[in-house]
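Hi,

Here is the structure I said I would pass on.

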Amino acid sequence: MKRSEILLLLVLAFIQFTAIVDFMVLMPLKPMLTKLWQVTPSQFGVAVFSYGFGAFLSSLICINKVDAYDRKKVLVLIYAGFTIGTFLCGLANSYYFLVIARFITGLFGGVCGSVIQSIVGDAIPAQRRGQAMGILMLGFALASVLGVPGGLYLASAYQWNTPFIVLACLCVLVFVGALFVVPNFKAHLENYKVSSFVQIVSKVLSDKNRRMALLLTIVMMPAHFFIIPFLTDYFTKNCGFDYKSSVPLVYVVGGLLSAVCSPLIGKLSDKIGRFPVLAVLTLLSVFPLVGIPNLETHNKVILLCFTAGFFIFSGSRMIITMAQVTSTADPSIRGAFLILNASVQQFAVSVTSLIGGFIVVQDENGLLHNYHYLGYLSLVFSALVLLVFRSVKVIAEKSN
């Protein structure tokens, strides 16, 4: 991979890092929000849902506009809005203010990922795209190693909203870096034709392969995300692990291992094929997906074994599916397709968290009940991921 490509991917990974930290850091803060505002599991599900619903709406709004402009300009504008939304989350002084702030942040943050994938699709040839997605996943790993544990420390040492204020300040720095490092991407404009919302959606959905790619995204989200929103509550309340030490350690260990494994898994998928790698990862994911929601131990090593397995095996499936989905649209429509893909992705995550919030029940002692059902649902969707993946085909592209 060229040095310029690596530099670009690293900057995009840092943008991804801030977006992921913003999304992830709220979930381990749930015990603090419960203590502060008496937030129930269903209310927390709504808070997570508001971000995804905002992302869903903005994706639909942008779908017939994103390919009409230089991708760098689109990224800069969206990231500026995301930064403002993160600041608003840090200023929230009530549950309802927080829900509104999460909605605003989602309006911009949810679209950010699809723009990044569009840039990767334009800049990196298909045969190296798995490796590129692996590098992008470093943003997730860094979010787990530094972002979430750092956010928990700041929330514990100061106030629950301190992580959002600090993150927003970091976003300003990353924003400046993007201005200087990310090049302009205008090649797709040569084949661009002005289209209405209905026309562009019809064009995207007219191809069966792209429809199957969207379905792959829909089933992948609950397969991985179902158990995530209530991890912290379950570990601290049901298993009795310490909030300030054990929970950050879960993210540090899982993130470090992901940082090592994600690029390797991406490169391996390019070499031997995406489906075989995905099949093995899905099989290995059974253990953490079933084990974590049924965990009844006070042994920290056992806890870390299960959570590390979740980060590596379940999380790495995102690399494979992202690479496959990105490779189903030609450059002239790639931005619109990935915007639509982002909308269904965020909607699937939102509905997943909302459903999980109504399935899980928290008693007066703070213990979670019915959490194991979310693990079983994850397995069902994991099987669907394998079935749908076989129907998604990579289109032929010219080498850059």
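Setting aside neighbours within four places in sequence, Ser50 touches Val99, Arg102 and Phe103. Ser50 itself sits in helix H3, residues 41-62. Its relative accessibility is 6%, so Ser50 counts as buried, the cut-off being under 20%. Do keep in mind while you look around that this is a predicted model.

Next, Ile104, which belongs to helix H5 (residues 95-123). With a relative accessible area of 26%, Ile104 comes out as partly exposed. Its contacts, again leaving out neighbours within four places in sequence, are Gly85 and Leu88.

On to helix H4, which covers residues 71-91 and has 21 residues. From first C-alpha to last, H4 reaches 31 Å, close to the 30 Å expected at 1.5 Å a residue. Have a look at the start of H4 too: a side-chain oxygen of Asp70 comes to within 3.0 Å of the backbone nitrogen of Lys72.

Helix H16 (residues 371-389) gets a similar check: its 19 residues should span 27 Å at 1.5 Å a residue, and the end C-alpha atoms are 28 Å apart, which agrees. Which residues of H16 are buried? They are Tyr371, Leu374, Gly375, Ser378, Ser382, Val385, Val388 and Phe389. Looking down the axis of H16, these buried residues fall within an arc of 135 degrees, so they line one face of the helix. As for what they pack against, the list has helix H10 (208-225), helix H11 (231-238), helix H13 (274-291), helix H14 (300-326), helix H15 (331-359) and strand E2 (368-369).

Last one: a helix pair. Helix H6 (residues 129-136) packs with helix H12 (residues 246-272) at an angle of about 170 degrees, and their axes are 7 Å apart. Since angles over 145 degrees count as roughly antiparallel, that is how H6 runs relative to H12. On the H6 side the contact is made by Arg129, Gly130, Gln131 and Gly134. H12 contributes Ser262, Pro263, Gly266, Lys267, Ser269 and Asp270.

That's everything from my side for now.

Cheers

Terms used. Residues numbered from 1 in each chain as written. Predicted model: local features only at pLDDT ≥ 70, side-chain atom pairs only at ≥ 80, totals over all residues. Heavy atoms only, no water. Helix = DSSP H or I, 4+ residues; strand = E, 2+ residues; numbered from the N terminus. Expected span 1.5 Å × (residues − 1). Polar contact = N/O pair within 3.5 Å; in protein donor to acceptor, adjacent residues only side chain to side chain. Buried < 20%, exposed > 50% of the residue type's maximum accessible area, 1.4 Å probe, protein only. Arc of directions from axis to C-beta. Contact = heavy atoms within 4.5 Å. Axes fitted to C-alpha atoms, helices over the stretch in contact; angles between N-to-C directions. Parallel < 35°, antiparallel > 145°, perpendicular 65-115°, else oblique.
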